[in-house]
Amino acid sequence: MSKWMAIGIAAGLCGSVCGNDVPPLEDAIPAAVKALAAPTPREFAGGIAMAVTAATDEAQAAVNQGLNHLHAGWEFEASRHFAVALRADPHCLLAHWGMAMALLVPTPPTGKARNAAVERMLDLLDMGRGSELERGYVYGLVKYLEEGPVSAAAAFHQVARKFPNDVQAAVFAALFGRGGYDETGAATLVQQQSEDELRALVKAHPESPLPLNALLLIRAEAPDLTPALESARTLCSMAPDYAPYCHLLGHYEWRCGNHAAAAATFARASALFEVWIKANKTTVADCPDWVKSECYHAVALASQGQFDAALTAAKRLAGTPLPVVCASSAGVRMMLWEATTLPARLLMRRGQPGDAALALAALPKPAAIKPYHDECLAYWGIDGLRLALDLRRQIEEGNLDDARNTAAALTFHGEQMAKAQTMAAEGGERSAWTRSFRAIELLANEDRGRLAMAGPANLRGTAYNWFRAAADRQRSAVLLYPPVVLSAMSARLGDYYLSEKQVPAAIEAFGDALLAFPNDLEAMQGLARAYEAGKQPENAAALARKIKLLQQP
């Protein structure tokens, strides 16, 4: 493929590039990176320490720093180190490749830099720069830009076969080749192949965090994370003061139902990210991972039964000042999509009488988020949640005619939001938009089930279909996020079955809820009620003891 074809592909993804002239070096560095001082190197025990074709030791060291952060998923910090390498050696092929990889999913603030890095990288390739291995990395990236992840995986597999001692190429082959899990929760064939490849690498390189972290990342949305929990703890022990590894461990602890351990681990991750923010004299705009850890920390507290502490933490986070000038930054977008709605979502999870009204009041007012509309689509998710909560409030208050009108409005909102999908992809918000859209679909199903339960007796049977649809839509959260909807929808089925005196079905439904949300207090309390209704006092008592134990700090 020609250089200009690859640039055309990049331009199609994130905007036009500047003709046939090679962009100046500084164009390949995002503005947010330029605004900060040079990053501080850290020790990565067992990490990447490859021989980089570079004119200076400084450039080589900076590339290796960038690569280690890149594999840990801290793209912004990786880009800072790649910027150091670019400035130390403007002809370093791998520094340009690394910057392009760190900016692989472009956003409005980073699209120009990503394009410039790719264009300069391909120009260096035409000049014959870089080792054969490094040029193989470039080939893998170009195949991704040209044809997508399947071709990239094949390219990196080819590189790995030619350089069998290079762990990184094999890891990238597995990462690009992953296929996720199907609707039943089973690993797809290519997902299983990627996992097997990474397990073999972990066995061959037990001292390296690289393949272990990659394996844990691609397995993070599996239905059952218990078999890999000890591996996550091992990874974190390799670098206990490294925030990305702490966050990943917190995710595994929470998904395994170890809520107290998860809360403590997320608190540590958040504190480490906060230290980084202060040390680098930056803001939340440059650290979306701090927002993610803070959100997950509050969720873990709520899961443990510490609702007041969770709500306090969520409100404090939601009140973080958000500079409008940084509305398109990753950190501000994370705040708008995730943090501003967290207090409301926690109140939805508790579900006590009056909580729907409290949750509505906790959402940001339309006027407060309007200044961000041009740079962030989070208002679609916030407004959808507002409608879902208003519908729930009306059901609670017995205003069923108003509730039916709001249900219709929520359906219309979903239809209009679906039309914004292309805009979300073009603006670098596809993942956030997808999470929110699916959550609103799920909530719409749940609320229609609630409406059916509150309506005429001859319509109560339809509630099953709505609750069943909500449970079927619910999936494990991806990308190390907590769920948007914080309750197990199978528990709603359990409540329905109990109301219909179908006790065995209720016990099964609450059991399903606990498979999806291990040790979830709401689901456990529902199961205890089902045991009592089924005249199983011993099971109910055992569950009550477990609930009491789990609620201890």
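**Figure 1. Close-up of the largest cavity.** The largest cavity has a volume of about 140 Å³. Its lining comprises 16 residues, and W337, T341, G381, S436 and V484 are the closest to the centre. Two or more lining residues come from each of α17 (330–339), α21 and α24; α24 gives the most, with six residues. In total, five cavities of 30 Å³ or more are counted. On a 1 Å grid over the protein atoms alone, a cavity is a set of points where a 1.4 Å probe fits but cannot get out, whereas a pocket is an open set with protein on both sides within 12 Å along at least five of seven lines; lining residues have an atom within 4 Å of a point. Grid points are joined across faces, edges and corners, and a volume is the space filled by probe spheres set on the points. Helices (H or I, at least four residues) and strands (E, at least two) are DSSP runs, numbered from the N terminus. The model is predicted: local features need pLDDT of at least 70, side-chain atom pairs count only at pLDDT 80 or more, and totals for chains, interfaces and linings use all residues. Residues are numbered from 1 along each chain as its sequence is written, and side-chain values use heavy atoms, with hydrogens and water left out.

**Figure 2. Close-up of the second largest pocket.** About 450 Å³ of space lies in this pocket. Of its 22 lining residues, R349, R350, G351, Q352 and E522 lie nearest the centre. The elements giving two or more residues to the lining are α18 (342–350), α19 (355–362), α21 (378–396), α26 (489–499) and α28. The most, four residues, come from α18.

Figure 3. Rings of Phe, Tyr and Trp (its six-membered ring) pair if their centres lie within 6.5 Å; planes under 30 degrees apart count as stacked, over 60 as edge-to-face and the rest as tilted. By this rule there are 21 aromatic pairs. W97 and F172 form an edge-to-face pair, 5.6 Å centre to centre with 90 degrees between the planes. Because W97 lies in helix α5 (residues 93–102) and F172 in helix α9 (residues 167–177), this pair ties together parts that are 75 residues apart in sequence. Both W97 and F172 are buried (under 20% relative accessible area, with exposed over 50% and partly exposed in between; 1.4 Å probe, protein chains only). The ring centres of W254 and F517 are 6.0 Å apart and their planes stand at 75 degrees, so this pair is also edge-to-face. Ring pairs link F44, W74, F76, Y242, Y245, F273 and W276 into a cluster. The charged end of R42 sits over the ring of F44, 5.2 Å from its centre (NZ of Lys or CZ of Arg within 6 Å of the ring centre and within 35 degrees of the ring normal).

Figure 4. Y137 lies in helix α7 (residues 132–147) and counts as buried at 0% relative accessibility. Leaving aside neighbours within four places in sequence, Y137 is in contact (heavy atoms within 4.5 Å) with M50, L94, W97, F156, D166, Q168 and A169. Y137 and F156 are 19 residues apart in sequence and 7.1 Å apart in space, C-alpha to C-alpha.
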